[in-house]
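Subject: Handing over the structure

Hi there,

Here is the structure I promised to pass on. Please have a look at it first, and then read on for my notes.

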Amino acid sequence: MDYTTPKAICSVNLSANASYAEVKSLYVDQTIQIEQDLIIEGYVISSDQSGNFFGVLYFQDRPTNPTQGFELELDVRDTHLFFPVGSKILIALKGLYMGKSKGVFKLGGQFTSFGNIAVGRLPAAVVDRHIFVSCEEAVTMMPTLIEIGDLGEHYTNTLVQLDGVEIREDEVGLPFANVKEETNRNLINCLDQELVLVNSGYADFQAEILPELNGSIRGVLLRENNKYQLAIRSLGDIEFSKDRCADLVDEFSSTKLFISELADPNNNAEARFVELYNSDIQSLSLKGWRLHRYTNANTEISSTIDLSDHSIGAESTFVISPNTSSFEATYGFSPDLEVGTNSPADSNGDDNFQLVDPFGTVIDSFGVVGEDGSATNHEFEDGKAVRNLNIVMANPVYTFSEWTLYNDSGGSGTVNLAQNAPEDFSPGIR
């Protein structure tokens with residue numbers, strides 16, 4: 001590689017004649033070489049002094065409140081000596097290549113692999129033909145204050161600051177990076193929202209131990225498609241001196257959540273479903289909740305539905321289906337969750353169920369674990385089991401009087417009347 005030192009040219013003759021948006025609009029669907037005499041200006045936000053950046057220069061369109069950022073790959077070491085943070089630069093784009101990598105625009109030289117042209121590092125020998133330092137004095141760059149939950153594409157390749165964050169607990173005490181390896185660590189805020197902190201294994205702080213406390217961090221916001229990362233310039237970008245976040249309580253138990261309907265339609269096995277109901281006047285996070293199925297007379301769990309990524313509204317149902325397309329075709333709307341065949345939502349009517357809270361407590365039950373439901377008071381084969389409307393609380397012990405059951409055989413107090421979909425079912429309606 002040619003690491004010829006570029007000349008730091010102070011330019012008074014160049015001025016910008018294009019915006020970042022105008023330049024990016026030249027790209028269609030493949031890497032291009034820019035042929036127009038276009039010039040953009042920007043303010044440098046990255047630094048390779050500590051070794052966490054290498055072969056790339058990041059800049060944004062304004063020193064404060066930027067609207068866009070860019071990255072430029074170049075084959076030059078010690079760029080911080082020639083393009084220090086806060087310096088205004090002008091980039092003569094004619095002859096440069098522009099492309100997209102993982103959804104992010106980049107500028108640079110040409111790189112060819114198997115006949116395909118991509119953006120590579122701009123050779124050091126031609127850097128001074130394309131990058132010029134303004135004669136204006138460098139300015140203090142003010143990072144944009146953002147929250148992890150508010151990240152958006154327009155912040156890509158700009159300088160940002162996050163307050164109230166800390167290193168994830170399971171990574172506290174680890175080094176910033178593994179030796180000679182790009183290493184991802186994780187920042188987390190008090191709402192349990194996370195952002196990747198990417199560190200080079202060649203950075204001069206590689207072996208330093210990740211801080212334990214909470215505070216503020218600045219850096220360049222990077223993106224790979226819809227995944228965001230933060231890269232610091234040096235340890236000076238981190239100010240962690242406050243107490244860590246208190247444990248966030250986001251797992252809740254409730255006796256107001258229960259099984260309200262189990263369906264095994266006589267005419268369409270693909271229209272089976274399980275319906276849950278929340279009788280509370282407040283919505284409930286289902287983080288940590290699970291629905292277990294015990295097939296036939298099994299005493300060990302046969303299948304489980306993890307409900308953690310969902311919530312259930314106040315006085316609302318939550319419908320679970322093994323087949324979304326069949327459910328939609330039958331009932332005319334989408335279920336709240338699709339879980340696949342042989343799941344708890346795909347019972348043939350002689351199985352048993354337990355609804356378990358985040359702490360492992362059985363909150364509600366249907367049937368008797370260890371007893372095959374056939375010819376019992378908990379059989380709903382070719383029919384349904386419906387929780388009576390006067391029941392508004394869960395019950396960990398199956399109580400037949402709380403239910404009305406339809407099946408194809410009758411007996412034990414059940415109704416001998418097969419049920420057909422959709423007319424005999426009302427998923428989503430308590």
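What percentage of the 430 residues of the protein chain count as buried? The answer is 51%, where buried means under 20% relative accessible area, exposed means over 50%, and partly exposed is in between (1.4 Å probe, protein chains only).

Before the details, two notes on the source. This is a predicted model, in which local features need pLDDT of at least 70 and side-chain atom pairs count only at pLDDT 80 or more, while totals for chains, interfaces and linings use all residues. Residues are numbered from 1 along each chain as its sequence is written, and side-chain values use heavy atoms, with hydrogens and water left out.

The chain as a whole

The protein chain has 4 helices and 30 strands; helices (H or I, at least four residues) and strands (E, at least two) are DSSP runs, numbered from the N terminus. Its radius of gyration is 30 Å, well over the 22 Å that the globule rule gives for 430 residues, so the chain is more spread out than a compact globule. That radius is taken over C-alpha atoms, and the globule rule is 2.2 Å times the number of residues to the power 0.38. Along the principal axes, the C-alpha atoms fill a box of roughly 95 × 45 × 35 Å.

Among contacts with a separation of 6 or more, 65% join residues 24 or more positions apart, a contact being heavy atoms within 4.5 Å. The protein chain exposes about 19800 Å², and carbon and sulfur atoms supply 46% of that area; accessible areas come from the Shrake-Rupley method with a 1.4 Å probe, and for residues only the protein chains shown count as cover.

As for charge, there are 28 positive and 63 negative charges, and their mean positions are 10 Å apart. Here Lys and Arg count as positive and Asp and Glu as negative, while His and the chain ends are not counted. Each charge is placed at NZ of Lys, CZ of Arg, CG of Asp or CD of Glu.

The disulfide and its loop

You will find 1 disulfide in the structure, meaning a pair of cysteine sulfur atoms within 2.5 Å. Cysteine 190 and cysteine 245 form it, with their sulfur atoms 1.9 Å apart. The pair links distant parts of the chain, 55 residues apart: cysteine 190 sits in the loop between strand E13 (183-189) and strand E14 (194-199), and cysteine 245 in the loop between strand E17 (238-242) and strand E18 (257-263). The link is left-handed, with -85° about the S-S bond. Cysteine 190 is partly exposed at 38% relative accessibility, whereas cysteine 245 is buried at 17%.

Aspartate 192 also lies in the loop between E13 and E14. Its relative accessible area is 38%, so aspartate 192 counts as partly exposed.

Backbone details

Most residues other than glycine have a negative phi, and most peptide bonds are trans. Aspartate 192 has a positive phi, near 65°. Glutamate 315 has a positive phi too, near 45°, and lies in the loop between strand E23 (311-312) and strand E24 (316-321). A cis peptide bond joins alanine 421 and proline 422, with omega about 5°; proline 422 is in the segment after strand E30 (415-416).

Alanine 271 is in the loop between E18 and strand E19 (273-278) and is buried, with a relative accessible area of 0%. Not counting residues up to four places away in sequence, alanine 271 touches Pro265, Thr330, Tyr331 and Ala421. Alanine 271 and leucine 230 are 41 residues apart in sequence, and their C-alpha atoms are 46 Å apart in space.

Threonine 158, in the loop between strand E11 (144-145) and strand E12 (159-167), is buried at 1% relative accessibility. Leaving aside neighbours within four places in sequence, threonine 158 has contacts that include Ile45, Gln60, Pro66 and Val220. Valine 44 is 114 residues from threonine 158 in sequence, with 9.5 Å between their C-alpha atoms.

Serine 316 belongs to strand E24 and is partly exposed at 25% relative accessibility. Beyond neighbours within four places in sequence, serine 316 is in contact with Leu276, Tyr277 and Asn278.

Best wishes
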